[in-house]
Amino acid sequence: MSIVVVGSSNIDFAARVAKFPQPGQTVAAKEYISGPGGKGCNQALAVARLGVSPVFISKIGDDALGRQLIETLAAEGLDTNHLIMADAAQTGIALISIDESGENMITVVGGANMTMTRADLHDKQESLRDCNYLLLQLECPVVAVDCAIKYAREGRAQVILDPAPVQDHMVMRDLLALTDIVTPNSSECRVMTGIDPVDTKSAQQAANALHEMGPKTVIIKMGGDGAFYSADGQSGDSQSGMVPSFSVNAIDTVGAGDCFNAGLAVALHGGQSLPNAVRFACATGALATTRNGAADAAPNIEQVLALLENKA
């Protein structure tokens, strides 16, 4: 087994507006679309489109939206047998507003995602112990994330944590102590370290602070500036650097960070060096901004390779 994704699944409802509403204000949307979302689902579908068949462990409701998710993922070639059905919770949803600049506001109803338990992960322990890379986010209960990490670390897995949404400081320290690779964006990095990564120097300072919490590899997603990576920051064989972003016509940034993490895992699993894997991840994330939707915006492997070749 290669890559396991444990995380959230939602149905997203995204509306395009000229401007975000103020409190008490009603605005008219130009259009809306719906489709699969949730950080776990975004990552799993992106991994699949990049040519690797992941094991996706998520919890959904036994309802119409849950059945819609199963059909959508199966149509993408994903094995849906690892999805967990909640007895008394609705499938999660996200209500998204996107303005003319591509910025977004999101309201999430976690639903079944927030009922994932240690017992749910206990039933999946064989898959977790067998994987090479475990992709995680924090849209499920921390106890379930912690349990997934501990099973994976009993095997040979490298744990890749997207620390979103950032949790309580002590919770984050406990999780980071068990994490191999952490991939915050700039704002998440600022919350966790108190350092705003605005350039290479400050990004290295923030990475050093995160290294001290446990991860051997830190990758900071810095939007239009690209991504900064730092590996083994406290050892003699450390490496670090900035990978520039790719110039694309961005229309929707929802899910771009999730596609970045999927690209990172696929590239590392394929044996690429860390700098090349980060570059592959940057290309994957950039392409995701050129399409509407969250999981639906994930590019395929041919598109990523074409962008990389154009920028070689």
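Which side chains meet in a salt bridge at 2.4 Å, N to O? Those of glutamate 154 and arginine 129 do; point 3 picks this pair up again. My notes follow.

1. Ground rules. This is a predicted model, with local features needing pLDDT of at least 70 and side-chain atom pairs counting only at pLDDT 80 or more, while totals for chains, interfaces and linings use all residues. Residues are numbered from 1 along each chain as its sequence is written, and side-chain values use heavy atoms, with hydrogens and water left out.

2. Strand E9 (residues 133-136) pairs with strand E10 (residues 158-161) in the parallel sense, over four bridges; strands (at least two residues) and helices (H or I, at least four) are DSSP runs numbered from the N terminus, and pairing needs at least two DSSP bridges between the strands. Tyrosine 133 has glutamine 158 in E10 as its bridge partner. To get from E9 to E10 the chain goes through helix H5 (residues 142-153), in a right-handed β-α-β crossover (with the strands pointing away from the viewer, the path from the first strand over the helix to the second runs clockwise). E10 also pairs in the parallel sense with strand E11 (residues 181-182), over two bridges, and leucine 161 has valine 182 in E11 as its bridge partner. Helix H6 (residues 169-176) carries the chain from E10 to E11, and this β-α-β crossover is right-handed.

3. Salt bridges around H5. The whole structure has 12 salt bridges (a side-chain nitrogen of Lys or Arg within 4 Å of a carboxyl oxygen of Asp or Glu). Back to the opening pair: glutamate 154 sits in the loop between H5 and E10 and arginine 129 in helix H4 (residues 125-130), so the pair ties together parts that are 25 residues apart in sequence. Glutamate 154 is partly exposed at 48% relative accessible area, and arginine 129 is partly exposed at 29% (buried is under 20%, exposed over 50%, partly exposed in between, with a 1.4 Å probe and protein chains only). Aspartate 180 and arginine 153 also meet through their side chains, at 3.7 Å, N to O. Aspartate 180 is in the loop between H6 and E11 and arginine 153 in helix H5, so this pair ties together parts that are 27 residues apart in sequence. Here aspartate 180 counts as buried, at 14%, whereas arginine 153 is partly exposed, at 40%.

4. Other salt bridges. Arginine 190 and aspartate 196 make a salt bridge at 2.9 Å, N to O. Arginine 190 is partly exposed at 37%, and aspartate 196 is partly exposed at 36%. Salt bridges with shared partners also join Lys39, Asp162, Lys221 and Asp258 into one network.

5. A cis peptide to look at. Alanine 164 and proline 165 are joined by a cis peptide bond, with omega about -10°. Proline 165 lies in the loop between E10 and H6.

6. The cavity. Searching the whole structure gives one cavity of 30 Å³ or more (on a 1 Å grid over the protein atoms alone, points where a 1.4 Å probe fits but cannot get out; lining residues have an atom within 4 Å of a point). The largest cavity has a volume of about 40 Å³, the space filled by probe spheres set on the grid points, which are joined across faces, edges and corners. Its lining consists of Ala14, Arg16, Glu31, Tyr32, Ile33, Ile98, Asp252 and Asn292. Strands E2 (10-16) and E3 (31-37) each supply at least two of the lining residues, and E3 gives the largest share, three residues.

Technical notes: 1 Å grid on protein atoms, 1.4 Å probe; cavity = no way out; pocket = protein on both sides within 12 Å on 5 of 7 lines; lining within 4 Å.
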